[in-house]
Number of protein chains: 2
Amino acid sequence: MTSTERSATPPRKTRQRAEIRSAVEALDGFATSQDIHDRMRHDGSAVGLATVYRTLAAMATAGELDAIRTPDGQVAYRTCSPGHHHHLVCRTCGRTEEITLPGLEAMVRTIASDHGFGELDHELEFFGICGSCSRP
Amino acid sequence: MTSTERSATPPRKTRQRAEIRSAVEALDGFATSQDIHDRMRHDGSAVGLATVYRTLAAMATAGELDAIRTPDGQVAYRTCSPGHHHHLVCRTCGRTEEITLPGLEAMVRTIASDHGFGELDHELEFFGICGSCSRP
DNA sequence: TTCTAAATGAGAATGATTCCCATGACGTCC
DNA sequence: GGACGTCATGGGAATCATTCTCATTTAGAA
């Protein structure tokens with residue numbers, strides 16, 4: 001009842017959902033629901049905070065956005081290319097690069113099954129300092 | 001002023017700190033500060049919740065414990081062997097296996113430097129369902 | 001247009017974590 | 001062993017992200 005769920009009813013098209021979508025697409029890096037809500041408000045768009053939370057979470061579940069958890073525990077979203085990949089996020093400016101780690105998935109699946117584990121899930125994101133931020 | 005900090009003053013030995021340490025060492029898998037506080041209270045040990053939070057965080061910073069963030073955002077701690085490694089955590093029972101991913105670190109460092117990123121840090125933990133929990 | 005279920009929004013509620021600060025207890029110097 | 005300066009403690013308030021509640025609005029089907 002979690003991932004086997006087929007999109008029973010497609011989400012309705014609302015003004016709010018469209019505005020949230022374009023706000024997220026205008027981002028460079030990851031942003032939290034609050035960040036996006038602030039930005040939208042700043043840009044004159046009036047959408048409730050709860051709606052931003054709900055919509056972003058739904059979009060992430062639907063695979064339209066990537067969600068990561070920042071080191072301090074907040075959830076951040078970002079549009080990204082399809083296919084499995086990870087992120088290299090700058091701790092200072094938030095700039096994000098998508099990276100792929102060929103072979104990692106298979107390696108992990110093997111190790112996990114050696115330990116009897118199944119239904120694996122993982123979140124692997126790297127946080128560092130990008131080139132522009134490390135130059136004094 | 002974060003990692004360059006030398007242990008200026010060694011922490012004092014207190015009853016609370018000792019009790020917290022043994023409570024953590026008695027664990028099988030990861031547990032949150034609240035879990036540990038509950039367990040201690042159940043075992044007749046009276047230590048303030050704030051103290052448990054402070055002490056576990058300090059122990060993790062000192063490298064005496066491993067801290068991970070669970071999928072729902074809480075911080076969990078566990079004693080573990082020295083050296084860099086990752087964890088395979090059962091979503092159902094919390095059982096934890098330590099795993100190493102030889103080559104991953106080097107691979108990531110290479111990719112990161114290709115992108116101009118430095119001072120890398122990462123948290124890579126796997127959550128799955130262990131053998132005993134997946135058998136009906 | 002009409003109707004119904006889904007979506008929205010404002011604020012309350014929740015829950016983990018941290019802060020505040022008066023009190024208590026290590027460790028040190030005598 | 002005793003006095004003292006500090007760091008540690010604890011309990012409750014405060015914070016902060018996130019979720020819930022529920023009355024109201026609205027998309028989309030009939």
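Biologist: Is B:Arg15 buried, partly exposed or exposed?
Modeller: B:Arg15 counts as partly exposed, at 44% relative accessibility. Keep in mind that this is a predicted model.

Biologist: Okay, and which residue does B:Arg15 form a salt bridge with?
Modeller: That would be B:Glu19, with the closest N and O atoms 3.3 Å apart. B:Glu19 is partly exposed too, with a relative accessible area of 24%.

Biologist: Where do B:Arg15 and B:Glu19 lie?
Modeller: Both sit in helix H1 of chain B, residues 15–25. They are four residues apart, about one turn of the helix.

Biologist: What about B:Arg21, which side chain does that one meet in a salt bridge?
Modeller: B:Glu64, at 2.7 Å from N to O. That pair links distant parts of the chain, 43 residues apart: B:Arg21 is in helix H1 of chain B, while B:Glu64 is in the loop between helix H3 (49–61) and strand E2 (66–69) of chain B. B:Arg21 is partly exposed at 31%, and B:Glu64 is partly exposed at 37%.

Biologist: How many salt bridges are there over all chains?
Modeller: The count comes to eight.

Biologist: Which elements of chain A give two or more residues to the side that touches chain B?
Modeller: Strand E4 (86–90), E5, helix H4 (104–114) and strand E6 (118–129). E6(A) gives the largest share, twelve residues. By type, chain A's side divides into 19 nonpolar, nine polar and nine charged residues.

Biologist: How much area is buried between chain A and chain B?
Modeller: About 2900 Å², with carbon and sulfur atoms giving 65% of that. The contact takes 37 residues from chain A and 37 residues from chain B.

Biologist: In what sense do E6(A) and strand E6 of chain B pair?
Modeller: Antiparallel, over nine bridges. Within that pairing, A:Leu124 stands opposite B:Leu124.

Biologist: New topic: why does A:Glu97 count as buried?
Modeller: Because its relative accessibility is 18%, and buried means under 20%. A:Glu97 is found in strand E5 of chain A, residues 96–99.

Biologist: What does A:Glu97 touch, leaving out residues up to four places away in sequence?
Modeller: A:His86, A:His87, A:Leu88, B:His115 and B:Phe117.

Biologist: Which side chain does A:Glu97 meet in a salt bridge?
Modeller: A:Arg95, at 2.9 Å from N to O. A:Arg95 is partly exposed, with a relative accessible area of 33%, whereas A:Glu97 counts as buried.

Note on methods: Residues numbered from 1 in each chain as written. Chains lettered and ligands numbered in written order. Predicted model: local features only at pLDDT ≥ 70, side-chain atom pairs only at ≥ 80, totals over all residues. Heavy atoms only, no water. Buried < 20%, exposed > 50% of the residue type's maximum accessible area, 1.4 Å probe, protein only. Contact = heavy atoms within 4.5 Å. Buried area = accessible area lost by both parts, 1.4 Å probe. Nonpolar A, V, L, I, M, F, W, Y, C, P; charged D, E, K, R; others polar. Pairing = 2+ DSSP bridges. Salt bridge = Lys/Arg side-chain N within 4 Å of Asp/Glu carboxyl O.
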